[in-house]
Amino acid sequence: MSYRFGLDELFVVELARTVRDAEVVFHGFGSPCATVAMHLAKRTHAPHALLIEGATYAVNPSPAFIPPTSNDHSLKRGAAYSMRFEEAFDMSVRGDVDHMFLSGLQIDPYGNTNVTAVGRMPAPKVKLGGGGGGCNMSATIRRLTLWTTNHRSGRCLVERCDFITDIGHLTPEGTRSELGYTGGGPEVLVTELAVFDYPDGRARLRKLFPDVTLGDVTAATGFEFAVAADLAPVDTPSRHQIELVRAIDPLSVRRREFGPAELERTFRQ
Amino acid sequence: MAVHLAPDKLADLETAVAMVRPGSMVALGGGLSARLPMALVRGLIRAGIGDLHVVGSAHSLDVDLLAAAGAISVCEESYVGYEQDHGLAPAFRRAAEEGSLEARESCCDTILTQLRAAEMGLSFLPVHGVKGTDIEGLHPEYSRVACPFTGHEYVAVPPLAPDVALVHAPIGDRAGNLHIEQPYVLDERFAVASTMVVATVDRIVSTDEVARAGIVIPYYRVAAVAEAPFGAHPSSCYPGYAYDRDHLATWVAEARTAEGAEGYLRRYVTGVDEDGYRRLIGADRLEHLTGYRDSGGAWMEMFR
């Protein structure tokens, strides 16, 4: 039997694939796709993951729906425990959190991200929201999954960030090891077009979404990138995964991360 | 970090607000869409108390309204905005881009560390990250320090001791004992690191009732407490009420222009007191926000 799914659902499934079983995983706030992906992973291939929920810091909750804000009590439903803010941040910076999702309005080839400002601080062209806990947590959490839903604009994957909020593999002050950072840095970057990895600390194209060509990715990317010898399309999600995405997020909060044209991208299996 | 031992801290909102001096460093309690000290923020704007240095972790309308009123000189928050839902904070953004407000962006974990330094009476503490980011360049008060044992070089941060922490709680007593629900965000740390807490509560109750619910901030940290029903609106204050997503959308739409933001302030802040504010929002609407408990379905429908 064939089934259909949207780009938003495919994107969430691809993010969920980066979660490993029995790891400690966290996403922070303002990231509904990452929220849905963590719950999808926990209900499928990563049942033993320790999931820290958004800005509630609730451990392993099973919310009935994902609200449009990450600090709402509805996200704490059924939680095994509510961490204090201090517990979640201490756990992150001492190196006991395995995996964090992180986004950026700008992302450079080394996975440094900018969520602070477009243009020069102070008095920038656009003041963005800000980095939350990222500039410490990105130094110490073991693995980072970066994501953006804004790759096609050509303004996101850039040669140089206007401002470095969160640390990738190489900053103007040196590499992660030169800076003495214990976290491993960005491992994967998932965009609405493609998936990159960082084998030598620099973004390499690894997978393409089914309706995207290498030319599309090159046109949208502001830096040179290597292409994996085994470049492949992303795996097709199962019907079960798609149904779970819809059940976890009945308000479709995940779709708010995408522009209207991207939401028209649908696939049939 | 003085203690506050007066037996009765109950004050009206105007008296509580007047304890915040112009030019103060003000810690804002709660975070994002939850338990923002909105009645106090509106009170500050009505009283024309400005030149504030605000600190906090991830915030939204509290900072945005103060920015719209021109009341902030330095904003040392880790994030100001409405997440993916309503996006950037229009008035904060405008003030930062014009340079009328200094966006001295910080990090949740750095702020936590600085508050702990203040709580412990230390002149600095190290943080794990920040090195290699451009956040460091926004903070000439940071330094570097080598660990005497390993030689590892850390970014060193000074203590952060706000003049006043503004906290909204669902319940508290006349002595100033406050109960809040998790997540406490930084409110416990603010309460100790700041010179005083100025609080509002949805309901003043007996000390026994606060104790049964659990005292999170003890009376001796609190200098004044005022009763302000729905004092966190349009943010949430569980177990009382959910956040008013539609009202936030109204603000974000109106605040796209400076004139729109001024119109909102006249209508919802300077033109009314808190009783008038609640009448403008409407008893039916406020009652609706308390209805989240009826069922999971009703809760979800609030956010559709």
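Buried area is the accessible area, taken with a 1.4 Å probe, that two parts lose on being put together, summed over both. By this definition, chain A and chain B of the predicted model bury about 4,800 Å² between them, 59% of it on carbon and sulfur atoms. Counting as contact any heavy atoms within 4.5 Å, the contact draws 57 residues from chain A and 56 residues from chain B.

Six salt bridges are found across the interface of chain A and chain B, a salt bridge being a side-chain nitrogen of Lys or Arg within 4 Å of a carboxyl oxygen of Asp or Glu. A:Lys127 and B:Glu105 are joined through their side chains by a salt bridge at 2.7 Å, N to O. On the chain A side, helix 3 (85–93), strand 10 (126–127) and helix 4 (134–140) each supply at least two residues that touch chain B; helices (H or I, at least four residues) and strands (E, at least two) are DSSP runs numbered from the N terminus.

Within chain A, 10 strands form an open sheet of mixed pairing, in the order 5-4-3-2-6-11-14-15-16-17; two strands pair if DSSP finds at least two bridges between them. Its edge strands, strand 5 (81–82) and strand 17 (226–233), each pair on one side only. Strand 3 (residues 50–53) and strand 4 (residues 58–59) of chain A are antiparallel and share two bridges; A:Ile52 has A:Val59, in strand 4, as its bridge partner.

Residues are numbered from 1 along each chain as its sequence is written, and chains are lettered from A and ligands numbered from 1 in the order in which they are written. Local features need pLDDT of at least 70, side-chain atom pairs count only at pLDDT 80 or more, and totals for chains, interfaces and linings use all residues, while side-chain values use heavy atoms, with hydrogens and water left out.
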